[in-house]
Amino acid sequence: MNKEVTSKKVFIRTLGCQMNKHDSEAVLGLLMNHGYELTKNRDEADVFLVNTCSVRKHAEDKVYSMLGELRKLKKKNKHDSVVGVIGCMAQKDKKEIFKRAPNVDFVCGTHNSHKIPEIIKSVIEQKAKIEFTDMDKQVFISPTLSSRENKSSAWISIMKGCDNFCSYCIVPYVRGREVSRPLENIIQEVEELAYAGYKEITLLGQNVNSYGKGLSKKIDFSDLLELVHKIKGIEQIQFVTSHPKDISLKLIDAVVNLEKVSRYLHFPLQSGSDKILRLMNRGYTLSHYIEIVNRLRERIPEIRLGTDIIVGFPGEEEEDFEQTYQAMKKIEFAQAYMFKYSPREGTAAFKLKDDVPQKIKKDRLDKIIKLQRFVSNKKRA
Ligand code: SAM
Ligand code: SF4
């Protein structure tokens, strides 16, 4: 452990998905090993980190408004504090962030989080602005026991990046190509967590079903589930996210046979229209998706299903939206995350005309939110 004698306090604000929350815990663990303490009070922080998301424009706008607030705070009482922007938007916007938010001291991309303590030190010593955004190598860093917020349920990263290139999605560009974490590291981390009293774990990846690709040992996600299942002390295993095109019979068998594996499965449909699914480059049709739903429900009647849905994708006509609405009504998801399409520069869909007016996107979103509220309440009753 590289402990430095310092009593500096760090404040971290995290936007976006569970992956980002996990990454923030990992960065906090590193900083704690360098003598930092976490503070929940912005006024007393020496270092501010904003862990960003660039999946939708709305998330990016939030970051700039947050950085504006930090600027005022820095002027008021913390002239020598360090402000760092990390995560997906740091990777995507790089130097642009310094231009739009001159109070930012460093920008650190998705492949460089392990360098953050060193970057902060350089910012302080050199009084310079620093940018680290190369994407040469995926590095897995895990939270420490003390940096994990939840003391009984833990996130574990099993892979990074994504090779799917759904046409609307910025993730493969900002998180890089898919890399699976070596099996031994995952097992060791789960064993340590079990020893420390953790009962519940969630295996994290953009597309967990393709775990194992590129590893020297031949292993797939179902094998990993089986091995994790054997670890004493762990009582509940969850995983996110599954891609419908990669849900195999072997995986369904594993979920059926491994009793500690959660009976909640999140595998985003995105749209109920085959035309839109094709434009999204999702690699399945609605009927294939429904086949998986039926197979899962036949084998595991108590299974709860979760999805993500995007409305207003380019070319989505009323009848395409209606197919999404009807699919949601038919499938009856226990949970759904629903979004308006947000064009992301650099993605394939960015070249398509964003031709669904905002008002229609909003109406469609409102309509499925209302439907989902009704379905979720019915399922809970
Ligand atoms: N890898 C996961 C998957 O495939 O389901 C999650 C990736 S993404 C961080 C989470 C969700 O954001 C996606 O499932 C999608 O519904 C939504 N999303 C991604 N890009 C989007 C965009 N450009 N506009 C609106 N929603 C988007
Ligand atoms: Fe994005 Fe698709 Fe990869 Fe999920 S599977 S991260 S939606 S490209």
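Predicted model: local features only at pLDDT ≥ 70, side-chain atom pairs only at ≥ 80, totals over all residues.

Student: What is the volume of the second largest pocket?

Tutor: The lining of this pocket has 19 residues, and those closest to its centre are Ile12, Thr14, Leu38, Lys40 and Glu149. Strand 1 and helix 1 each supply at least two residues of the lining. The second largest pocket has a volume of about 430 Å³.

Student: Which strands does helix 1 lie across, and at about what angle does it run to strand 1?

Tutor: Helix 1 comprises residues 18–33, and strand 1 comprises residues 9–14. The helix lies across strand 1, strand 2, strand 3 and strand 4, and its angle to strand 1 is about 170°.

Student: Which strands stand at the edges of the open sheet?

Tutor: The sheet has six strands in the order 2-1-3-4-5-6, with parallel pairing.

Student: Which residue in strand 4 stands opposite phenylalanine 48?

Tutor: Strands of a sheet pair through backbone hydrogen bonds, either parallel or antiparallel. Strand 3 (residues 47–52) and strand 4 (residues 82–87) pair in the parallel sense over six bridges. The residue opposite phenylalanine 48 is valine 83.

Student: Which residue in strand 5 is the bridge partner of isoleucine 86?

Tutor: Strand 4 pairs with strand 5 in the parallel sense, over three bridges. Within strand 5, the bridge partner of isoleucine 86 is cysteine 108.

Student: How many residues of strand 4 are buried?

Tutor: A residue counts as buried when its relative accessible area is under 20%. Strand 4 is largely enclosed by the rest of the structure, because the number of its residues that are buried is six of the six.

Student: Which residues have the most contacts inside the largest nonpolar core?

Tutor: This core has 59 residues. Leucine 225 is in contact with Leu203, Ile237, Phe239, Leu251, Ala254, Leu258 and Val261, leaving aside neighbours within four places in sequence. Another core, of 22 residues, lies apart from it and includes Val50, Cys53, Leu67 and Leu70. In the largest core, the residues with the most contacts are Leu203, Phe221 and Leu225.

Student: Is histidine 243 buried or exposed?

Tutor: Histidine 243 is placed in the loop between strand 11 (236–240) and helix 9 (249–257). Not counting residues up to four places away in sequence, histidine 243 touches Asn164, Cys166, Asn207, Asn209, Arg282 and Tyr284. Its relative accessibility is 5%, so histidine 243 counts as buried.

Student: How much space lies in the largest cavity?

Tutor: The structure holds two cavities of 30 Å³ or more. Among the residues that line the largest cavity are Asp23, Val27, His111, His114 and Lys160. The space in the largest cavity is about 80 Å³.

Terms used
Residues numbered from 1 in each chain as written. Chains lettered and ligands numbered in written order. Heavy atoms only, no water. Pairing = 2+ DSSP bridges. Helix = DSSP H or I, 4+ residues; strand = E, 2+ residues; numbered from the N terminus. Contact = heavy atoms within 4.5 Å. Axes fitted to C-alpha atoms, helices over the stretch in contact; angles between N-to-C directions. Core = buried A, V, L, I, M, F, W, Y, C linked by side-chain atoms within 4.5 Å. Buried < 20%, exposed > 50% of the residue type's maximum accessible area, 1.4 Å probe, protein only. 1 Å grid on protein atoms, 1.4 Å probe; cavity = no way out; pocket = protein on both sides within 12 Å on 5 of 7 lines; lining within 4 Å. Points joined across faces, edges and corners; volume = space filled by probe spheres on them.
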